Amino acid sequence: MDSLDPVSNLTSAENSLLNTSKPKSVVTFTNRPSREEAMKAVKTLLAWAGDDPEREGLIDTPKRVVDAYEEWFQGYQADPKKELSRTFEDVQGYDDMVMLREIDVESHCEHHMAPFLGKAWVAYMPTSKVVGISKIARVVEIFAKRLQTQETMTKQVADAIEDSLAPLGVAVMIDAEHQCMSTRGVHHKNVTTVTTRFTGVFKTDIALQERFMRLTHK
């Protein structure tokens with residue numbers, strides 16, 4: 001690996017965090033730069049792009065970019081386990097699928113920091129408890145508001161629900177368009193990427209899995 005690659009300079013603890021198959025609920029990089037350092041970095045990129053960071057139209061751009069990053073990447077400061085911690089056991093004997101359809105996904109790919117936008121469908125088969133439906137959408141949002149690959153995010157959502165609710169099974173599908181593909185590189189527009197994750201009965205019961213997939217298309 002090139003010695004200039006930042007990954008090669010990570011500590012063993014940081015490499016362990018990057019390589020784990022089930023990322024921690026809250027990710028915190030201890031050497032986080034200050035807000036002023038971040039704005040200075042934006043000014044450097046503006047100059048590198050070929051413009052004058054001091055001209056009128058760009059003078060406040062570093063502040064705006066840092067403000068935007070705080071919103072786009074707020075998922076690093078949130079804990080999906082906390083969102084799923086409050087559950088309800090009085091479900092009157094309900095024992096069928098709980099599904100949320102077309103949850104907005106607004107994320108950024110970790111390779112180019114370009115947006116990928118789409119929808120998520122999430123279902124689980126409850127055992128003795130359920131969680132408020134807004135919490136499922138919030139879990140999707142938390143993982144989306146981090147630098148991501150779609151494949152990793154799909155697994156993270158399923159793992160978080162499985163770990164916190166101990167359901168009979170979880171199903172997750174994400175369908176998104178990646179601007180690192182549509183606005184650069186191969187420049188193929190209107191191409192979406194679909195990823196799925198099935199656990200428990202959604203993996204072993206093909207009829208249930210097919211039912212979930214049919215419901216994603218309604």
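**View 1. Surroundings of Ile142 in the predicted model.** Leaving aside neighbours within four places in sequence, Ile142 is in contact (heavy atoms within 4.5 Å) with Gly75, Ala78, Asp79, Pro80 and Glu83. Ile142 belongs to helix α5, residues 133–144; helices (H or I, at least four residues) and strands (E, at least two) are DSSP runs, numbered from the N terminus. With a relative accessibility of 0%, Ile142 counts as buried, where buried means under 20% relative accessible area, exposed over 50%, and partly exposed in between (1.4 Å probe, protein chains only). Between Ile142 and Gln77 there are 65 residues of separation in sequence, and their C-alpha atoms are 8.7 Å apart in space. This is a predicted model, in which local features need pLDDT of at least 70 and side-chain atom pairs count only at pLDDT 80 or more, while totals for chains, interfaces and linings use all residues. Residues are numbered from 1 along each chain as its sequence is written, and side-chain values use heavy atoms, with hydrogens and water left out.

**View 2. The two faces of helix α3.** The 12 residues of helix α3 (residues 61–72) should span 16 Å at 1.5 Å a residue, and the end C-alpha atoms are 16 Å apart, which agrees; the expected span is 1.5 Å times one less than the number of residues. Thr61, Pro62, Val66 and Ala68 are buried in α3. Seen down the helix axis, the buried residues of α3 fall within an arc of 160°, so they line one face of the helix; the arc is that of the directions from the helix axis to the C-beta atoms. Helix α2 (35–49) is included in what covers these buried residues, whereas the face of α3 turned away from the buried side carries the exposed residues Arg64 and Glu71.

View 3. Most residues other than glycine have a negative phi. Glu102, although not a glycine, has a positive phi of about 55°; Glu102 is placed in strand β2 (residues 98–109) and is partly exposed, with a relative accessible area of 42%. Met113, also a residue other than glycine, has a positive phi near 60°. Met113 lies in the loop between β2 and β3 (115–125), and its relative accessibility of 38% makes Met113 count as partly exposed.

**View 4. The largest nonpolar core and a second, separate one.** A nonpolar core is a set of buried Ala, Val, Leu, Ile, Met, Phe, Trp, Tyr and Cys residues joined through side-chain atoms within 4.5 Å. The largest such core has 29 residues, of which Val105, Val122, Tyr124, Ile136, Val140, Val157 and Ile161 touch the most other members. At least two residues of this core are supplied by each of β2, β3, β4 (130–131), α5, α6 (150–165) and β6 (169–178), and the largest share, 6 residues, comes from α6. Not counting residues up to four places away in sequence, Ile161 touches Leu84, Val122, Tyr124, Ile136, Ala166, Pro167 and Val170. A second, separate core of 11 residues includes Met97, Met125, Phe202 and Phe212.

View 5. The chain averages a pLDDT (the predictor's confidence in each residue, from 0 to 100) of 89, and 87% of the residues score at least 70. Over residues 1–11 the pLDDT stays under 50, and the model has 8 contacts beyond four places in sequence for this stretch. Residues 13–25 have a pLDDT below 50 as well, with 17 contacts in the model beyond near neighbours in sequence.
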